[in-house]
Amino acid sequence: MRVGSEMRPPTDPADEARLRALSSPLRLRVLRLCAFESRTNKELAELLGVNPGTMLHHVRTLAQTGFLAAQPQRVGAQGAREVPYRATGLSWRTPMPHRSRVLVEVFLQQIEGVEPEELDTAWLGLKLNAEHKAELQQRLVDLLEEFKEREPDPDGEPYSLFTALHPDLNPPAPSPPGR
């Protein structure tokens, strides 16, 4: 999911509904769970530890805004009708101005159960002018787009990638005396 930093909030009601749908950390987690596999409301509720009625509300919101698509019905273990849902990929192409904090919250929720040795992180301080910052942002977007557009590897394992570029609020060092 890309975050637009220079975009204005939408005025189209459909765009506003999509932004509201993506403002929930739980709904963003649902989209991740449905990215490569179709899942039912019940499966999602169990995986995320929420009430099935609450999950149904979130699933319907995501389906109504085009982020989830119902797959062909199937019969469950007890003979009940089940409707699995799959993420459409629309969230990747939906800019989210002013929504970075919700993505950070989702990221923190996602890594809660990850073993420390399985979490590969990097943190780098840079000092860039506007041109080089724009170049870095564009190259990152291009690389992410390249991998997003590929078909999933049939023998692949699911991974999540989170990046953040933000102003470093560390104060500058004081000038030496006499300068």
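1. Helices are DSSP runs of H or I with at least four residues, and strands are E runs of at least two, numbered from the N terminus. E135 and R139 both sit in helix 6 (residues 130-149), 4 residues apart, about one turn of the helix.

2. This is a predicted model: local features need pLDDT of at least 70, side-chain atom pairs count only at pLDDT 80 or more, and totals for chains, interfaces and linings use all residues. Residues are numbered from 1 along each chain as its sequence is written, and side-chain values use heavy atoms, with hydrogens and water left out.

3. The structure holds 6 salt bridges (a side-chain nitrogen of Lys or Arg within 4 Å of a carboxyl oxygen of Asp or Glu). One of them joins E135 and R139 at 3.3 Å, N to O. With a relative accessible area of 37%, E135 is partly exposed; R139, at 59%, is exposed. The cut-offs are under 20% for buried, over 50% for exposed and partly exposed in between (1.4 Å probe, protein chains only).

4. R18 and D15 form another salt bridge (2.3 Å, N to O). They are 3 residues apart in helix 1, so about one helical turn separates them. R18 is partly exposed at 22%, and D15 is partly exposed at 30%.

5. R39 pairs with E37 in a salt bridge at 3.6 Å, N to O. R39 is buried at 16% relative accessibility, whereas E37 is partly exposed at 44%.

6. A network of salt bridges links E43, R74 and E82.

7. S24 lies in the loop between helix 1 (13-21) and helix 2 (25-33). Its relative accessibility is 11%, so S24 counts as buried.
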